[in-house]
Amino acid sequence: MGTEEQGGQKTASTIAPATGKLGVMVIGLGAVATTMIAGVEAIRRGLAKPIGSLTQMGTIRLGKRTDNKSPLIKDFVPLANLNDVVFTGWDIFADNVYEAAAHAEVLDEKMLAQLKPYLEKIKPLPAVFDQYYVKRLNGTHVKKGKNKRDLADQVVADIRAFKKTVDRVVMIWCASTEIFIEPTAVHQSIEAFEKGLENNDIAIAPSQIYAYAALSEGVPFANGAPGLTVDVPAMIELSKKNAAPICGKDFKTGQTLLKTVLAPALKARLLGVSGWFSTNILGNRDGEVLDDPQSFKSKEESKLGSLEYIFQPELYPDLYKNLYHKIRINYYPPRGDDKEAWDNIDIFGWLGYPMQIKVNFLCRDSILAAPIALDLVLFLDLAKRTPSLRSIGIQEWLSFYLKSPQTAAGLYPEHDLFIQSMKLKNTLRHIMGADLITHLGLEYYD
Ligand SMILES: NC(=O)c1ccc[n+]([C@@H]2O[C@H](COP(=O)([O-])OP(=O)(O)OC[C@H]3O[C@@H](n4cnc5c(N)ncnc54)[C@H](O)[C@@H]3O)[C@@H](O)[C@H]2O)c1
């Protein structure tokens, strides 16, 4: 039970409880998705801890610092219990989740062997795929249809069949990065989009066919990749119309996570930045897909935005106007999923004296992404059950997890991780009718 401010009065509003099974439909059963699914099962069996997951391990402070009240988030808001989560998904390869996880080589053989009987039961449905949108892949396990409308109808049929076995459904895109697409007329309204499906409009990518099917069925949709997908007026309209919350784009995992921590620190202290060079080597299938210039362009756009918004060069021209920001991703097979990222940051301080910061992050891509995918799914399900969130479309409070957060038209995105974290937690306090925390704190000195 939560309360909401309405015309100055607190009125009770009910968040529907998370009873029954939550069905999670994952598009793309690759490294991230299989690491999430196997991880959830390992956690359910007590084999490992949900490290990196705010919904599972995070706490939220309520009231004054002197109240000493910081419950677990999952005890404060009604989230689906991991034991009630059921997975299914689509992929362009027919491998079951055990085979796909073994191929991804993120989790060790010993862990996978223990989970094998569960994982091998999850077999992908045939995907909506067209090589035009992901040049480096050639799928064999794909749907055939007379046009894009027919393919969307087939995804709707998949959703309806799954809905019969669970109580609620959420969808998440964990599939490969599609080529860079700019919005066109076909994306401007539901009507134009539906015509485009009939006419096989080239500006409608497979990710948008899944998203259209999900939103038409009232199913929330998260976009873990940098594609346009739900970031167009037609999808936002559909999301609001059918009370199907959306969020995107692109999981904020390694390099960008650190960027959105370091940049706010430099800006808070008014230290200037003349250059920020970010490079990566990675050898998994994602790296192979991103080796294609058109898929890389999608990723580059998504990674570039953060500094521009955090530094606000229009407000601080002396500090950031001449910032040179460069991003490189190099496909380097020997490293597999173990990405290595380097950042060289050229900064300057008092009287313009230059300094340098070097960051070398040896991370594991999917180990960082899996808890984000899980949290997004659980929070979107919460949003769908929350009267004040379910019909607003974009869930900007989930920006915390995303490299290129989707926002309302005309609104610049918040990239600073700590602002994002505060926004997320205050949203949870708000929907539960708890006092928001402003960090003013003068009351302690009365
Ligand atoms: N740290 C991270 O790992 C990270 C961070 C941000 C974003 N991402 C994004 O998440 C996505 C998944 O990353 P990954 O490392 O798991 O990649 P992956 O290549 O291991 O998995 C992607 C899977 O999607 C499948 N696929 C491609 N097109 C499809 C379609 N139309 N329908 C269904 N399946 C399709 C592929 O066959 C593959 O199994 C990528 O777009 C990646 O850029 C990952």
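Mentor: Let's start with Lys74, which sits in helix α3, residues 73-76. Helices here are DSSP runs of H or I with at least four residues, strands are runs of E with at least two, and both are numbered from the N terminus. Keep in mind that this is a predicted model, in which local features need pLDDT of at least 70 and side-chain atom pairs count only at pLDDT 80 or more, while totals for chains, interfaces and linings use all residues. Residues are numbered from 1 along each chain as its sequence is written, and side-chain values use heavy atoms, with hydrogens and water left out.

Lys74 counts as partly exposed because its relative accessibility is 38%; buried means under 20% relative accessible area, exposed over 50%, and partly exposed in between, with a 1.4 Å probe and protein chains only. Setting aside neighbours within four places in sequence, Lys74 is in contact with Thr55, Gln56 and Leu79, where contact means heavy atoms within 4.5 Å. To get a sense of distance, find Pro183: it is 109 residues from Lys74 along the chain, and their C-alpha atoms are separated by 38 Å.

You will find Asp167 in the loop between α6 (148-163) and β6 (168-173), and its 54% relative accessibility is why it counts as exposed. Beyond the neighbours within four places in sequence, Asp167 is in contact with Thr19, Gly20 and Lys21. Its C-alpha atom is separated by 26 Å from that of Tyr401, 234 residues apart along the chain.

Leaving out residues up to four places away in sequence, Tyr401 touches Leu54, Asp250, Phe251, Lys252, Ile372, Asp375, Leu376, Phe379 and Leu424. The largest nonpolar core has 61 residues, and Tyr401 is one of those that touch the most other members, together with Phe87, Ile172, Leu376, Phe379 and Leu428. A nonpolar core is a set of buried Ala, Val, Leu, Ile, Met, Phe, Trp, Tyr and Cys residues joined through side-chain atoms within 4.5 Å. Helix α14 (residues 365-385) gives this core its largest share, 12 residues. There is also a second, separate core of 50 residues, and among its members are Tyr133, Phe193, Ile204 and Ala213.

Ala213 leads us to helix α8, as it is one of the buried residues there. After α8 comes Gly218, with a positive phi near 75 degrees.

Now look at how helices pack. Two packed helices are described by the angle between their axes and the distance between the axes. Helix α8 (residues 206-216) packs on helix α9 (residues 233-241) at about 20 degrees, with the axes 9 Å apart; axes are lines fitted to C-alpha atoms, for helices over the stretch in contact, and angles run from 0 to 180 degrees between N-to-C directions. That is why α8 is roughly parallel to α9: angles under 35 degrees count as roughly parallel, over 145 as roughly antiparallel, 65 to 115 as roughly perpendicular and the rest as oblique. The crossing of α8 and α9 is left-handed, meaning that the near helix is turned anticlockwise from the far one by less than a right angle, whereas clockwise would be right-handed. From α8, Gln208, Ala211, Tyr212, Leu215 and Ser216 meet Met235, Leu238 and Ser239 of α9. This contact has five nonpolar, three polar and no charged residues; Ala, Val, Leu, Ile, Met, Phe, Trp, Tyr, Cys and Pro count as nonpolar, Asp, Glu, Lys and Arg as charged, and the others, Gly among them, as polar.

Finally, some backbone details to look up. Thr229 lies in the loop between β7 (221-223) and α9, and its phi is positive, near 35 degrees, in a residue other than glycine. Thr229 counts as buried because its relative accessibility is 2%. Gln312, in the loop between α12 (293-311) and α13 (317-320), has a positive phi near 45 degrees. Gly248 and Lys249 are joined by a cis peptide bond with omega about -5 degrees, and Lys249 belongs to the loop between β8 (246-247) and α10 (255-268).
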